[in-house]
Amino acid sequence: MSPSVTLAGLVLLTVLLGLVWRSRQGAVRDPGPTAGAVDWLARLRESGVEPGPRGTFVQLSAAVCAPCRATARVLAAAADAAPGVVHTELDVEAHPGLVRAARVLRTPTVVMIDGDGTEVARSSGAMTPAQAQAALAALGAGATQDPTGGRTA
Amino acid sequence: MTQTTQDTHGRPAGIDARGPRFGAGVTAVLLAVVVLLGASTAALALLTLVAVSFLLGTLAGPHRTWQGWVFRRFVRPRVGPPVELEDPRPPRFAQGVGLVVTGVGVVLGSVGVIGAVPWAAGIAFVAAALNATLGLCLGCEMYLLLRRLRPASAGR
């Protein structure tokens, strides 16, 4: 293969990877198979964080993660505007057990838990305000399906 | 409301985030030239230059490389002061990843496996180009995966 063909292939690969990566950034998805493997309320209280009565954005961040700070601002603003919802940022260095149990592979990873500590949605990568709202919507949907979820009123 | 339990204290002084991205663009161009030069001594020489730049960025910080100097001297005066400063640790981690990838290419090329030079340059090119164009953060994607590879004792 001539070098110029190789380079053209690399550029094409870069564009494809970039498109896939960008489309997945911050996308809100359903909780994975590990939902239920983590007692989020106990974990949060251990870390000195009082979970929100309606829900909590649990953001796992790292020092080597550039978009974590912007995501923290977006989520803090979304939590401020949603009564009963709080945002908390946990450092992966300080919570290796939690990172393993929740199978967190990238930062930022945001786990949306409801008032009962159940994971209702998850997102990895920098989040936009619209994606934060999508995560909050998962909270509402989960609560209406759950007959005991009267705490969301 | 945000409750932070860790980390926000003791952050190093911020740098202009556009600097490392500009540097990644310059590096991507150089790596593309390495690929074009193919398996040759000229390619090995240029890849060595890129690897030394990554070494500098890993040891001293991404803003203290020659690409950082070019950005401050020629680019920043034209684009104005930064709106926001960013933590230098994420781009520094990325410089370390670049050092490992290009370093492997340089070492293999030096011991006669010259075919490894364009390969190493190609892998580093994809990462540098994604960083420059989309702001891909290698620390975000790789840090936890690399931690998992470490023995359990090191990761507590």
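Visitor: Which residue stands opposite A:Thr109 in E5(A)?

Guide: A:Ser124 in E5(A) stands opposite A:Thr109. Please keep in mind that this is a predicted model.

Visitor: How many bridges join E4(A) to E5, and which way do the two run?

Guide: There are 5 bridges between E4(A) and strand E5, residues 119–124 of chain A, and the two strands run antiparallel. They form a hairpin with 4 residues between them. In its turn, A:Gly117 has a positive phi of about 85 degrees.

Visitor: What about E2, how many bridges join it to E4(A)?

Guide: Strand E2, residues 55–61 of chain A, is joined to E4(A) by 6 bridges, and this pair also runs antiparallel. One bridge partner in E4(A) is A:Val110, which pairs with A:Gln59.

Visitor: Why is E4 of chain A described as largely enclosed?

Guide: Strand E4 covers residues 109–114 of chain A, and 6 of its 6 residues are buried, so the rest of the structure largely encloses it.

Visitor: Which residues point which way from E4(A)?

Guide: A:Thr109, A:Val111 and A:Ile113 point one way, while A:Val110, A:Met112 and A:Asp114 point the other way. In a regular strand, side chains alternate between the two faces of the sheet. Here the residues pointing either way from E4(A) are all buried.

Visitor: On to chain B. What pLDDT does it average?

Guide: Chain B averages a pLDDT of 90, and 90% of its residues score at least 70. Over residues 5–9 of chain B, however, the pLDDT is below 50. That stretch has 10 contacts in the model beyond near neighbours in sequence.

Visitor: At what angle do the axes of H1 and H5 of chain B cross?

Guide: The axes of helix H1 (residues 18–37) and helix H5 (residues 116–134) of chain B cross at roughly 150 degrees and come within 8 Å. H1(B) and H5(B) are therefore roughly antiparallel to each other. The crossing of H1(B) past H5(B) is left-handed.

Visitor: Which residues meet there, in H1(B) and H5(B)?

Guide: Those of H1(B) include B:Ala24, B:Gly25, B:Ala28 and B:Leu31, and those of H5(B) include B:Ala121, B:Gly122, B:Phe125 and B:Ala128.

Visitor: And H4 with H6 of chain B, at what angle do their axes cross?

Guide: Helix H4 (residues 89–110) and helix H6 (residues 138–149) of chain B have axes that come within 9 Å and cross at roughly 70 degrees. That makes H4(B) roughly perpendicular to H6(B). Their crossing is left-handed. B:Phe93, B:Ala94 and B:Val97 in H4(B) meet residues of H6(B), among them B:Met142 and B:Tyr143.

Key
Residues numbered from 1 in each chain as written. Chains lettered and ligands numbered in written order. Predicted model: local features only at pLDDT ≥ 70, side-chain atom pairs only at ≥ 80, totals over all residues. Heavy atoms only, no water. pLDDT = per-residue confidence, 0-100. Contact = heavy atoms within 4.5 Å. Buried < 20%, exposed > 50% of the residue type's maximum accessible area, 1.4 Å probe, protein only. Pairing = 2+ DSSP bridges. Axes fitted to C-alpha atoms, helices over the stretch in contact; angles between N-to-C directions. Parallel < 35°, antiparallel > 145°, perpendicular 65-115°, else oblique. Left-handed = near helix turned anticlockwise from the far one by under 90°.
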